[in-house]
Amino acid sequence: MKMLKRVAAGLAAAVLALGMLTACGSEKGTPQSWAGSNLGKVINADTVKNSRILLDYTVVEGEGTGTQKYAIGLHNDSPEKVGFVGSKDHGWLSKAYRGYKESGKIVNHSQKTYIEHTSGDTTYYQPTFDEDALWYMFGGGNLRFGSNYKSQQVVMTSEEKYKGKMYHTESFALPNGGAGEYTYTFYYESKDADKPAYLRIETLSKSCMLKLNEFKAVAESELGEYAFLLKTDHYTQQT
């Protein structure tokens, strides 16, 4: 009898442990190859090296709710491409592999002026959490593909409800030293949707939700109305 009780207790513990593992797994999602994901259609080895990745978004949760903003990927190391994050009026402009707060320009597009910003100078324009996290995502060396890099091999997929509607989600994380880990979760209305409807960015202490108006890879010559965000030609430098 004692042996039967021990066996029963052992089985019960095993079932409980399995249930806990299953619950944890369902919260984190299911691994899927990056190449076969929706994200892989826009962000892949070819686009990271040769194209621009464009985000036109509106903040719907977080600092600056209701503001429409833009982020243009700054990938490629030779020659370095300039990237931008901010609004049509003002934002950060800097080259790949350089921190926008340490080396770059704070651009005021509405007044056609800019401030050269280097470490130690006064920061006239403070980035919001969404801008900081998107710059980090697009920053040189953070999204890595190919046989020599294992950073982007899989995404975690799941189904999540947002505002009463179910979405197919694809997530990945990027470590950021002392700042912790940035997690990027893209919300698609279906598994085969052309583009995500939302992007949630999270750390242990902060989060924001962005409504994505555009999310696509484009050539430099195809930036269209967004091209001026990368320019300071004929702008006046502020002192």
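Strands β11 and β12 pair in the antiparallel sense over five bridges, two strands being taken as paired if DSSP finds at least two bridges between them. Helices (H or I, at least four residues) and strands (E, at least two) are DSSP runs, numbered from the N terminus. A hairpin of four residues joins β11 to β12, and Leu199 stands opposite Leu210 in β12. Strand β12 (residues 207–218) also pairs with strand β2 (residues 52–61), in the antiparallel sense and over nine bridges. Within this second pairing, Arg52 has Val218 of β12 as its bridge partner.

The structure is a predicted model, in which local features need pLDDT of at least 70 and side-chain atom pairs count only at pLDDT 80 or more, whereas totals for chains, interfaces and linings use all residues. Residues are numbered from 1 along each chain as its sequence is written, and side-chain values use heavy atoms, with hydrogens and water left out.

The predictor's confidence in each residue is given by pLDDT, from 0 to 100. Its mean over the protein chain is 82, and 81% of the residues reach 70 or more. Confidence is highest in strand β11 (residues 198–202), at a mean of 97, and lowest in helix α1 (residues 2–28), at 40. Over residues 1–26, pLDDT stays under 50, and the model has one contact beyond four places in sequence for this segment; contact means heavy atoms within 4.5 Å. Where pLDDT is low, the predicted coordinates should not be read in detail.

The secondary structure of the protein chain comprises four helices and 13 strands. Of the 239 residues, 44% are buried, where buried means under 20% relative accessible area, exposed over 50%, and partly exposed in between (1.4 Å probe, protein chains only). Among contacts with a separation of 6 or more, 50% are between residues 24 or more positions apart. The accessible surface of the chain comes to about 13,000 Å², and carbon and sulfur atoms account for 52% of it; accessible areas come from the Shrake-Rupley method with a 1.4 Å probe, and for residues only the protein chains shown count as cover.

The largest nonpolar core has 40 residues, of which Ile43, Tyr184 and Phe215 have the most contacts inside it. Elements that each supply at least two residues of this core are α2 (39–42), β2, α4, β9 (165–175), β10 (181–188), β11 and β12. Helix α4 gives the most, with seven residues. A second, separate core of 13 residues includes Phe84, Leu223, Tyr226 and Leu230. A nonpolar core is here a set of buried Ala, Val, Leu, Ile, Met, Phe, Trp, Tyr and Cys residues joined through side-chain atoms within 4.5 Å.

Helix α4 is mostly covered, with nine of its 10 residues buried; among them are Phe129, Leu134, Trp135 and Phe138. In the loop between α4 (129–138) and β8 (154–162) lies Leu143, which counts as buried because its relative accessibility is 4%. The C-alpha atoms of Leu143 and Val48 are separated by 7.7 Å, although the two residues are 95 apart along the chain.

Neighbours within four places in sequence aside, Phe215 is in contact with Leu39, Val42, Ile43, Ile53, Leu54, Leu55, Phe186, Tyr188, Lys195 and Pro196. Ser51 is found in the loop between α3 (45–50) and β2. With a relative accessibility of 14%, Ser51 counts as buried, and beyond its neighbours within four places in sequence it is in contact with Asp46, Lys81, Ala217 and Val218.

A further set of antiparallel pairings involves strand β5 (residues 90–95), which pairs with strand β4 (residues 82–86) over five bridges and with strand β6 (residues 103–108) over four. Gly83 stands opposite Ser94 in β5, while Leu93 stands opposite Lys105 in β6. Three residues form the hairpin connection from β4 to β5, and Lys88 lies in the loop between these strands. Lys88 counts as partly exposed because its relative accessibility is 37%. The C-alpha atoms of Lys88 and Tyr226, residues 138 apart along the chain, are separated by 8.8 Å.
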